[in-house]
Amino acid sequence: MEFPSLGDHCQNDECKQIDFLPLQCKCGKVYCREHFNDHCLSGDCELAPPPRPVNFKSDDVIYKCSQKGCRKGNLHDMNCNKCGKHYCIEHRFHPTCPEIDDETMAQKIEEYEAPRRQFAEANKDLQAKITENIRKALQSSAKVKTASKIHLMRIKQKALGDKAIPADKRVHFAIKKPTDTQAKPVKIVQNVENIINLESLRLEPDLKDTIAVFISTKFTLGRAIDAICNLCNIKNDNNKMGTTKIRLFRQLDGYCISPIKMDVEIEELVKNEILLEGDRLIMEYIDTNVLNDLGQSQLFLNI
């Protein structure tokens with residue numbers, strides 16, 4: 001050995017390795033740095049020096065690890081999501097933290113669900129009024145029912161669409177294309193009393209100025225808009241940042257079909273009578289800022 005007199009063996013029974021810079025306790029025992037700390041913190045040696053406390057009065061706040069026996073500190077807090085205590089990187093996945101109790105979990109779930117429930121309750125009356133209105137307008141007389149059937153038959157005869165869609169999954173509409181790409185004027189309705197009475201309106205069976213299409217009931221609204229734009233050769237930049245977005249409106253009352261939520265399925269809209277097969281629908285461009293500020297209100301096209 002090149003330096004036979006340098007260093008000493010660690011006196012920890014499981015270590016015994018030679019350390020060239022050993023640490024000696026006042027009790028006379030010699031340890032490597034790792035086991036010297038263990039020796040001092042064990043409490044078995046009365047002569048061992050006590051650990052120095054972390055100085056919390058320095059310019060930078062030091063967050064001390066909450067793990068028992070750990071003396072590490074961090075300049076940034078890393079709090080446990082369960083108990084809220086700070087732990088160092090080594091102990092951040094500590095298994096000793098108690099699981100969250102049922103009462104606290106229920107409280108957190110309630111905090112998450114409350115805004116969604118409030119939105120649903122605020123929107124319930126308005127949606128019910130709109131659905132009732134459209135049903136009355138389409139079913140107010142035998143003449144309207146007959147016109148609706150004729151209208152749907154004409155659409156099916158001329159409809160464009162993906163032939164791979166099974167016949168029992170197809171839903172047909174007559175689409176009116178936008179005249180230009182400019183944002184169209186709209187009105188925002190927050191109160192059910194502001195919904196126009198539609199009982200005197202009549203469905204127009206004429207397909208003039210419209211394109212007959214069919215899409216799948218399994219499409220989401222976003223995918224349906226994309227498909228309709230492709231079939232009708234309508235410019236669609238909904239997937240890009242821009243000043244306008246294209247949306248789908250009912251011709252009968254100008255109601256915008258789910259202006260914010262694009263993942264609702266066409267099947268659900270038909271089931272709830274928001275859309276009816278054979279409807280005349282209008283594709284129009286809307287100012288993006290209007291959509292961003294819409295909140296819980298409903299959107300209607302000024303027609």
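1. Buried here means under 20% relative accessible area. By that cut-off six of the seven residues of β10 are buried, so the strand is largely enclosed by the rest of the structure. Note that this is a predicted model. β10 spans residues 244-250.

2. The partner strand comes next. β10 and β11 pair in the antiparallel sense, over seven bridges.

3. The average pLDDT is 78, and 74% of the residues score at least 70. Helix α4 has the highest confidence, with a mean of 95. Helix α2 (residues 102-139) has the lowest, with a mean of 66. Treat residues 198-202 separately: pLDDT stays under 50 there. The model still has eleven contacts for this stretch beyond four places in sequence.

4. Now the cores. The largest nonpolar core holds 34 residues. Those touching the most other members are Ile175, Ile215, Leu221, Ile228, Ile266, Leu269 and Met283. At least two core residues come from each of β7 (170-176), β9, α4 (221-232), β10, α5 (266-271) and β11 (280-287). The most come from α4, which gives seven. A second, separate core has nine residues, among them Cys15, Cys25, Cys32 and Cys40.

5. Beyond its neighbours within four places in sequence, Met283 is in contact with Ile175, Lys176, Lys177 and Pro178, among others. Its contacts also include Ile225, Ile228, Cys229 and Ile234. Ile246, Arg247 and Leu248 are on the list too. Of these partners, Ile175 and Ile228 are also named among the core residues that touch the most other members.

6. Is Ser216 buried or exposed? Its relative accessibility is 8%, so Ser216 counts as buried. The residue lies in strand β9 (residues 211-216). Its side chain reaches the backbone nitrogen of Lys218 at 3.0 Å. Not counting residues up to four places away in sequence, Ser216 touches Ile165, Lys169 and Ile266. Ile266 is a member of the largest nonpolar core.

7. Last, His151. This residue is in helix α3 (residues 142-158). Relative accessibility is 0%, so His151 counts as buried. How far apart are His151 and Arg280 in sequence and in space? They are separated by 129 residues in sequence, while their C-alpha atoms are 9.2 Å apart.

Key: Residues numbered from 1 in each chain as written. Predicted model: local features only at pLDDT ≥ 70, side-chain atom pairs only at ≥ 80, totals over all residues. Heavy atoms only, no water. Helix = DSSP H or I, 4+ residues; strand = E, 2+ residues; numbered from the N terminus. Buried < 20%, exposed > 50% of the residue type's maximum accessible area, 1.4 Å probe, protein only. Polar contact = N/O pair within 3.5 Å; in protein donor to acceptor, adjacent residues only side chain to side chain. Contact = heavy atoms within 4.5 Å. Core = buried A, V, L, I, M, F, W, Y, C linked by side-chain atoms within 4.5 Å. pLDDT = per-residue confidence, 0-100. Pairing = 2+ DSSP bridges.
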